[in-house]
Structure formats: structure tokens, C-alpha cells
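What follows is a walk through one protein structure, taken a piece at a time. Please keep the sequence and the 3D view at hand while reading.

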Amino acid sequence: MIECIFTIDYEIYGNGKGSLRQLVYEPARKLKELLDRTGMKAVMFVEAAELEKIEASGADPAIGEVKQQLRELYKERHEIALHIHPQWCDASYHNGKWCLNYSEYNLCTLPKKRIAEIVDGSIAYLRTMLAVPDFTPLSFRAGGWLLQPSRNAADILIERGVKIDSSVFRGGIRRWHKLDYRRAAKNEYFWKFRDDANVPDQNGSLLEIPIYTRMVPFWELVTLKRFILQQKGFSGAQTIKQKLCRFQDIARFRYPMKFDFCRMTVNELVRMVDTVIEEDQRDPSSFKPLVAIGHTKDLADLKTVESLLYYLEKQGIAISTFEEIYNKYKLWK
Ligand SMILES: [Zn+2]
């Protein structure tokens, strides 16, 4: 049985350059219109640290509309989930430019006390924004997908009531940031973990429902659409060491292609859905949450998203939120 969880990272990723209206509010408005027509609900991974800083600095007049949009999405039962890029927590704004603190890029490598401060600050911001004093996000996605080393961050998230993480992309590697999800490549569609998000552990309390990926030969990732969007994410000069690490990450024959409705073409998306359908035909009894990812900043091609939604409906695949499937399938057991 397959259900698709349609997730979108609600943020200006990269170095913060650009306007909230153009890169967050408008794409989310168009996506919401599309979802409203079909009655589908999405998971909004709201980058709380970034929005909080933008609001505090007065850097972008559209912050009020963004907050209003998130309140509406919440009221209409889209899932508001937690996403954090910690480099924003100590960011400063000078002469129209953001200066981010890259020494805090990976939440998981920070001291436990600092992780708690950042998570608490972000949840508090969401509570104020939604005007729901006890709001607790069910799901979390780490900035840069970095949930390694996992234990400290996982413990803090669990203590705060978070139940699901969706940071892992099976087969992924980012050497510079010490992320290595290659070991998860053989895992099932979801698992509990404790010490390492890669490693299933029945005694763990956090549930990993990874972003769906398929290992493909590297040349399948070379498309014009992906190349254009990758240029948008470029966030500054890299050292030679960083470039070397990145080269090692990508210099392999097979590479994980994320189920990304902004970066993939319709044909790629359909092919990926078809491989999951084939798997499901061989093993129909196991539940297969198929997590799709997109970013408001990348959401230029709504036609492709519409085609994907239409294809999923035609195949009888429901679109759900983590909240819906968590309760329906009693995933905590
Ligand atoms: Zn992000």
C-alpha cells in the first residue's frame, strides 16, 4: 500500500538573497490553489529560524503576509512541520545582505545545550506565529538534510514531542558535513532509530520516514531543469577542500535521485512512481510512505506538479500528511 506525503521546504534556502514574496509567498499561494482544487493536504516544513530573523531585522516587508499564509494553511489542516537551518540563528543583516553563521551549519554537531536552545526558539516562534500556545510539530527536517551525528538532536526533538524525522535521503553523502546515508540505502520505507538515523533500532523513539530516493546512474541527473535550479542554491565561494569533498560525493557511478517535484521532469516523476508501484505489486501488504520534496524557491513549474498529482490520483495513490499516516497506521508501534 502506497501513500504519498507531499512535503515542501518553506524558505529561501542558500544565502538568504531574494524576496519572501517571490521565493516563498507567491509559490506557496499557487501551490495552495492547486491543492485546494484537489482537496489534497501538504506538509509545510517551515524554516522558523530564518523567518524569525527576517522579522526581527525588518528586512522584508512581506513577512506579515507569510505569517498570515501559514496561519491559513494551518487552519485548513495542512501540516506545519519544523525545519531549521541553524546558520540563521546568529545571522545579521547589513547593507541589504545577510551574513549567516556557517560555524553552526549542522545542528547535530553543536553542543547539546545549543541544540536545545535552537529547537526551543524555533518551536516558540511557530507557536507565536500560529497563535497556538501549545503547538507541537509532529515532524522535523534538518537544514541541509543533516541529521548526523543523530543522538543528541534526536533526544531533544523527542523530548519536545516531535515524533517523525524526514531528513534522510537513502544513499546520500555529503563528506564535508560528515553526512553519510549510504547505509540506509537498504532500509525499508520507514524505521525507528536511536543513535544513528541510518540504522533501524526498535528501541528508538524517533521514526524516520525518509525523502524517497532511487539510485540512478549519474548521467540521469544531468538535466537542464536541475542545472538551472542548482545555480539558485549556490550560496557563496567554496574552499578547495570543500570543492574536493563535493567532487568525491558526486564522483560515483550511481547517485540518489530525490523524489523532487520541483527539480524532476514529469517523465522522471512518473518513472519513479512506477518503480514503487511495481514494488508494491510484489509486496502489497507493507505500507510504503512515498515522501516527495520540493522547495518554495524552486517551485516555478506548477504544470509538472499538477501532472504528478493527476498521475498519483489515476494510480489510486492517496496524498497524505505525516499527521494522517502516523495515526492511521499506528506507526509508533
Ligand atoms: Zn532548508
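Arg-151 and Asp-155 are both part of helix H5 (residues 151–159), where they sit four residues apart, about one turn of the helix. Helices (H or I, at least four residues) and strands (E, at least two) are DSSP runs, numbered from the N terminus. The two side chains form a salt bridge, with 3.2 Å between the closest N and O atoms. A salt bridge here is a side-chain nitrogen of Lys or Arg within 4 Å of a carboxyl oxygen of Asp or Glu. Arg-151 is partly exposed at 31% relative accessibility, and Asp-155 is partly exposed at 22%. Buried means under 20% relative accessible area, exposed over 50%, and partly exposed in between (1.4 Å probe, protein chains only).

The model is predicted: local features need pLDDT of at least 70, side-chain atom pairs count only at pLDDT 80 or more, and totals for chains, interfaces and linings use all residues. Residues are numbered from 1 along each chain as its sequence is written, and side-chain values use heavy atoms, with hydrogens and water left out.

How many salt bridges are there by this rule? The count comes to 21. One of them joins the side chains of Arg-21 and Glu-65, at 2.6 Å from N to O. Arg-21 belongs to helix H1 and Glu-65 to helix H3 (residues 63–75), so this pair ties together parts that are 44 residues apart in sequence. Arg-21 is partly exposed, with a relative accessible area of 37%, and Glu-65 is partly exposed as well, with 30%.

Helix H3 also holds Lys-67, while Glu-55 lies in helix H2 (residues 48–57). Because the partners lie in two helices, the pair ties together parts that are 12 residues apart in sequence. Lys-67 counts as buried at 17% relative accessibility, whereas Glu-55 counts as partly exposed at 31%. Elsewhere, Asp-90, Glu-104, Arg-114 and Glu-117 are linked in a network of salt bridges.

Now turn to strand S1 (residues 2–10). Is this strand mostly covered or mostly exposed? S1 is mostly covered, as nine of its nine residues are buried. In a regular strand the side chains alternate between the two faces of the sheet. On one side of S1 are Ile-2, Cys-4, Phe-6, Ile-8 and Tyr-10, on the other Glu-3, Ile-5, Thr-7 and Asp-9, and all of these are buried.

S1 has several partners; two strands pair if DSSP finds at least two bridges between them. With strand S14 (residues 288–295), S1 pairs in the parallel sense over eight bridges, and Cys-4 stands opposite Leu-290 there. Strand S15 (residues 318–320) runs parallel to S1 and is joined to it by three bridges, with Ile-5 opposite Ser-320. Strand S2 (residues 43–47) pairs with S1 in the parallel sense over four bridges, and Tyr-10 faces Val-46 in S2. From S1 the chain passes through helix H1 (residues 20–38) to S2, a β-α-β crossover that is right-handed. Right-handed means that, with the strands pointing away from the viewer, the path from the first strand over the helix to the second runs clockwise.

In soluble globular proteins, nonpolar side chains tend to be buried together. A nonpolar core is a set of buried Ala, Val, Leu, Ile, Met, Phe, Trp, Tyr and Cys residues joined through side-chain atoms within 4.5 Å. Which members of the largest core touch the most others? Of its 96 residues, they are Phe-6, Phe-259 and Phe-261. Helix H4 (residues 112–130) gives this core its largest share, nine residues. Leaving out residues up to four places away in sequence, Phe-259 touches a list of residues including Cys-4, Tyr-212, Leu-290 and Leu-308; contact means heavy atoms within 4.5 Å. Another core, of 13 residues, lies apart from the largest one, and among its members are Phe-45, Ala-81, Leu-138 and Ile-164.

The last stop is Ser-286, in the loop between helix H8 (266–282) and S14. Ser-286 counts as partly exposed at 25% relative accessibility. Apart from neighbours within four places in sequence, Ser-286 is in contact with Met-1 and Asp-280.
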